[in-house]
Amino acid sequence: MYSTLKIFCGNSNKELAAQIANYLHRSLGKIDVGPFPNGETRVEILESVRGQNVFVIQSTNQPGNEYLMELLIMVDAFKRASAASVNVVMPFYGYSKQDKKKTGREPITARLVADLIQTAGADRIITVELHSGQIQGFFSIPVDDLSTDQMMADYFRQKRIENLVIVSPDVGGTKRARDAANNLSAGLAIIDKHRSHYSKAEAMNVIGDVEGKNCLIFDDFVDTAGSVVEAVGALKKAGAKDIYLFFTHPVLTQPPAIDRLRTLDVREIVTTDTIAFPPEKKMPNLTILSTATLLGETIRRVAIGESVSELYRGKK
C-alpha cells in the first residue's frame with residue numbers, strides 16, 4: 001500500500017499538509033479546489049489516482065461549512081476517479097460539540113457529519129482529539145482518534161514547573177486531566193462550571209487545592225475563550241500562582257477569542273497546528289506544537305499495515 005500512497009489536501013491547512021507529506025517523503029498531489037463563479041465548490045484532480053491509496057487532509061474549522069463541502073466533494077471525486085481507498089485525515093473534526101441532544105428539539109450534527117463523510121465514500125477516518133469519544137461510534141468505518149496528551153506532557157515536563165496542578169476546565173474533562181496529572185506527577189483540580197447558554201459558561205467553584213500552586217488548564221479546544229477567562233479568574237481567586245494554558249485545537253472564534261487571550265493573566269499559551277494559525281492571531285506568549293509527525297507516522301503505519309496503538313498513549 002505504501003508504494004501507492006498519495007497525499008492530497010483541501011484549503012483548510014495547507015502548511016500542515018505539506019509538513020505531513022515531507023515526513024512521508026512525498027509531494028502533495030495536484031488538485032484544484034476552489035469556487036465556481038456562483039459560489040459552489042469546484043474540485044478537479046490533476047493527476048491519476050487509479051488504484052492508488054489516497055489520504056486527503058482537511059480540517060473542518062472556520063469556515064466550517066465551506067471546508068466540509070470541500071472534503072465531501074474531494075472524497076467523491078477520488079472514488080469516481082477509481083482510487084483504491086480514500087482515507088480522510090481530519091486534524092480537527094468540526095461540529096464535534098453537537099454530539100448529543102441537550103434539549104428536546106436539537107440535532108446530533110456530529111452524527112450527521114459522520115453519515116455525510118461515509119456516504120461520500122471514505123474508507124477510514126484519522127483525526128485528533130475528538131471532543132467526545134462516542135463520535136467514533138457514529139461511523140461504521142475504522143476511526144483512529146489520536147491523542148496529543150503525550151506531546152503536551154513531554155513539552156511541559158522539560159519546563160520543570162514546580163508545584164504543578166493540572167486543571168480540568170469542566171467535570172467532563174476530569175479523566176483526561178487525571179491521566180495528564182499522573183503522567184506529569186502533578187496535582188489535580190477541577191473547575192465546576194455552569195452553562196446558562198450555549199455560548200456562555202460561568203465558573204462556579206474550584207475543586208482541589210491550588211493555593212500557591214502553578215496551574216495548567218488542560219482542554220481539547222478553545223472557541224470564544226469565555227470558559228478560559230472564567231477558569232483563570234476562579235483559579236486566581238483561589239490563590240493560584242502562575243497559570244499555563246494548553247488546548248489541542250485553536251478554534252479561537254474572533255471576535256472575541258484572541259482579544260480575550262491577549263489580555264489574559266497567563267504565563268504561557270500552548271496549542272497545536274491542527275487548525276491553521278494566521279499571523280495576525282499570534283501572541284508573544286504563544287507556543288504552537290506540530291502534529292505533523294503524529295499524523296504522518298499514523299498515515300505511514302496505516303499504509304503498511306502496522307499497528308497505530310502506540311500513538312494512542314494518553315487515551316486510556
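This is a predicted model: local features need pLDDT of at least 70, side-chain atom pairs count only at pLDDT 80 or more; totals for chains, interfaces and linings use all residues.

Residues are numbered from 1 along each chain as its sequence is written, and side-chain values use heavy atoms, with hydrogens and water left out.

The protein is divided into domain 1 (5–146 + 293–312) and domain 2 (149–284), with bounds that come from an automatic or database domain assignment. Taken over C-alpha atoms, the centres of the two domains lie 28 Å apart. Their contact (heavy atoms within 4.5 Å) takes 16 residues from domain 1 and 14 residues from domain 2.

Between them, domain 1 and domain 2 bury about 1200 Å², 54% of it on carbon and sulfur atoms; buried area is the accessible area (1.4 Å probe) that two parts lose on being put together, summed over both. Of the area that domain 1 buries against domain 2, Q62, F92 and E129 supply 43%, more than any other three residues.

The count between the domains is 1 salt bridge, defined as a side-chain nitrogen of Lys or Arg within 4 Å of a carboxyl oxygen of Asp or Glu. E129 forms a salt bridge with R176, and the closest N and O atoms are 3.3 Å apart.

Elsewhere, strand β2 (residues 31–35) pairs with strand β3 (residues 41–45) in the antiparallel sense over 5 bridges, where pairing requires that DSSP finds at least two bridges and strands are DSSP runs (E, at least two residues), numbered from the N terminus. G34 stands opposite R42 in β3.

Methods:
Helices (H or I, at least four residues) and strands (E, at least two) are DSSP runs, numbered from the N terminus.
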